[in-house]
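Please keep the structure open while reading.

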Amino acid sequence: MEKKRILTGDRPTGKLHIGHYFGSIRKRVEMQNSGDYDMYILIADVQALTDNFNNPEKVRKNVRELLMDYLACGLDPKKVTIYIQSMIPETAELTVYFSNLVTISRLQRNPTVKTEIAQKKELFGESVTYGFLGYPVSQAADIVTFEGELVPAGEDQEPLVEQAREIVRKFNNIYGDVLKEPKIVLSEGKRIKGLDGNEKMGKSLGNAIYLSDSEEEITKKVMSAITDPNRIKKDDLGNPDICMVAYYHKLFSTKEEVDTVCKECKEGKRGCVNCKKQLAKNIIEYLRPIREKRAYYEEHPELVDKILKEGTAKAKKTAEKTMEKVKKAMKLDYFE
Ligand code: TRP
């Protein structure tokens, strides 16, 4: 049986943190290791430029950072194809054709785009760029260039995949039944709260632990995590339900440790400093293999380049095949 094609990826705008890991990366590694899928992972530099066009250096640098994070987490270039979006001109080409199949008002109604525009007032002022408003069209092209059937992603990506489905349906109605309608596979992964208790972990919020953080950085961050604000002295009775340290213990510590930590906290028998030190140690151990693998690639930039180059070359071939079909359907196949 033919393996289902997966298309997914991320914008290279910063290093990955544990929120990304639990939210989506771990799931991708699982899907990779199941052997059931043919997975393409794009490093979406073109999309990153839609809201970082004034900072090309940042995007460029983060292409390699993102790849190193992927590799460190166990994505294996022998099993999946990791490629750079801008190196696949077929995707840009398809974006142009797709742009006839979507209206401006439909883009303006896309909930994800709407939220993001609201957050980017500083960059866009009162009027958003054509490129940013249109990035869902480009994302649809990302998926379709690789005939992606499944798109593992978080809830925030649902409106984007929905929009891709609409574009595909419209394409098939007009030009014939040639494209596959993609489906989102929601990563049932957890959304990890920030060190400050914020619902979201994020770079701009300054509340994240990065996969590449050193042991010292992890310890320092954990020591700053928010604990039960009503607990001032060690023998005050604590409430682990409103303590970020207890929250992370549940992710990184053994069940026995969690039980002990929570019990002693509630009884006022455990100091927060000790509790944090123990947590920091567990996070450091948990992330050790990832950190060490990442350090290895940091020391071997030529390997990182090779992986990018080979993945992109393979992706290019697949993209060419799809475009042949698309152009034929659109009567753009002028010469043999
Ligand atoms: N929009 C995704 C993000 O914000 C990145 C992305 C670009 C993507 N193209 C994609 C994800 C295609 C899935 C499929 O990180």
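How many disulfides does a search of the whole structure find? The model is predicted, and the search finds zero.

**Cysteines**

Two cysteines show the spacing. The sulfur of Cys265 has its closest cysteine sulfur in Cys243, at 6.1 Å. That is too far for a bond, because a disulfide needs the two sulfur atoms within 2.5 Å. Cys272 is in no disulfide either, and its nearest cysteine sulfur, again that of Cys243, is 6.1 Å away. Cys265 counts as buried, at 9% relative accessibility. Cys272 is partly exposed, with a relative accessible area of 25%.

**The largest cavity**

Cys243, Cys265 and Cys272 are among the residues that line the largest cavity. The count comes to one cavity of 30 Å³ or more. The largest cavity has a volume of about 80 Å³. Its lining also includes Cys275, Thr227, Val245, Ala246 and Val261. Asp228, Arg231 and Arg270 are part of the lining too. By class, the lining has seven nonpolar, one polar and three charged residues. Which elements give two or more residues to this lining? They are α12 (244-252), α13 (255-266) and α14 (272-298).

**The second largest pocket**

The second largest pocket holds about 460 Å³ of space. It is lined by 22 residues, and the closest to its centre are Thr95, Tyr130, Gly131, Gly134 and Ser138. Several elements give two or more residues to this lining: α2 (45-50), α4 (89-98), α5 (104-109), α8 (130-133) and α9 (135-145). Which of the elements gives the most? It is α4, with five residues. The lining of this pocket divides into 12 nonpolar and 10 polar residues, with no charged ones.

**The ligand**

The ligand is surrounded by 13 residues. The closest are Arg11, Gln47, Gln139, Asp142 and Gln157. The table gives side-chain distances to the ligand for Arg11, Gln47 and Gln157.

| Residue | Ligand atom | Distance |
|---|---|---|
| Arg11 | oxygen | 3.2 Å |
| Gln47 | nitrogen | 2.7 Å |
| Gln157 | nitrogen | 3.0 Å |

For Arg11, a polar side-chain atom lies 3.2 Å from a ligand oxygen. Gln47 instead places a polar side-chain atom 2.7 Å from a ligand nitrogen. In Gln157, an N or O atom of the side chain is 3.0 Å from a nitrogen atom of the ligand.

Definitions and conventions: Residues numbered from 1 in each chain as written. Predicted model: local features only at pLDDT ≥ 70, side-chain atom pairs only at ≥ 80, totals over all residues. Heavy atoms only, no water. Buried < 20%, exposed > 50% of the residue type's maximum accessible area, 1.4 Å probe, protein only. 1 Å grid on protein atoms, 1.4 Å probe; cavity = no way out; pocket = protein on both sides within 12 Å on 5 of 7 lines; lining within 4 Å. Points joined across faces, edges and corners; volume = space filled by probe spheres on them. Helix = DSSP H or I, 4+ residues; strand = E, 2+ residues; numbered from the N terminus. Nonpolar A, V, L, I, M, F, W, Y, C, P; charged D, E, K, R; others polar. Near = heavy atom within 4 Å. Polar contact = N/O pair within 3.5 Å; in protein donor to acceptor, adjacent residues only side chain to side chain.
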